[in-house]
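Okay, everyone, thanks for coming. Let me put today's protein up on the screen, and then we'll walk through it together.

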Amino acid sequence: MDTKKEVLAIIDEVLSLNGRAAEFDLQTPLLGSVPELESMAVVGLITTMEERFGFVVEDDELDGATFATVASLVAFVDSKLS
């Protein structure tokens, strides 16, 4: 599975970016840089990732750094999948 591709698809879907996420690379900043990524959208991303990848995210596992860049979010998902 290509985690980056899956994470970008989720970002695009949840934030209704209409394909814009396909242009993101690992260094693309997310939180604070993508206007659509606000607090409720973060909840939507977490919920969708839990459903798609089949893991549970505990509150104490998350902080702002998780959503800093595409790379940090992909690394988080990879850590949950391993």
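Let's start with Lys4, which counts as partly exposed at 29% relative accessibility; partly exposed is the range between buried, under 20% relative accessible area, and exposed, over 50%, using a 1.4 Å probe and protein chains only. Lys4 sits in helix α1. A word on bookkeeping: this is a predicted model, with local features needing pLDDT of at least 70 and side-chain atom pairs counting only at pLDDT 80 or more, while totals for chains, interfaces and linings use all residues. Residues are numbered from 1 along each chain as its sequence is written, and side-chain values use heavy atoms, leaving out hydrogens and water.

So what does Lys4 contact, leaving aside its neighbours within four places in sequence? Those partners are Phe24, Asp25, Leu26 and Val74, where contact means heavy atoms within 4.5 Å. Also have a look at Leu73: it is 69 residues from Lys4 along the chain, with 8.8 Å separating the two C-alpha atoms.

Okay, the overall layout. The protein has three helices and zero strands; both are DSSP runs numbered from the N terminus, helices being H or I with at least four residues and strands being E with at least two. Of the contacts with a separation of 6 or more, 55% are between residues 24 or more positions apart.

Now the inside. Buried residues are 38% of the 82. The largest nonpolar core has 25 residues, and Ile11, Phe24, Leu30 and Leu37 touch the most other members. The elements giving two or more residues to this core are α1 (3-14), α2 (39-53) and α3 (70-81), and α2 supplies the largest share, six residues. By nonpolar core I mean buried Ala, Val, Leu, Ile, Met, Phe, Trp, Tyr and Cys residues joined through side-chain atoms within 4.5 Å. In soluble globular proteins, nonpolar side chains tend to be buried together.

One more residue, over in the loop between α2 and α3: that's where you'll find Thr66. Is Thr66 buried or exposed? Thr66 is buried, at a relative accessible area of 8%. Leaving aside neighbours within four places in sequence, Thr66 is in contact with Glu61, Ser72, Leu73 and Phe76.

Last stop, the overall dimensions: the C-alpha atoms fill a box of roughly 30 × 25 × 20 Å along the principal axes. That's my tour, thanks!
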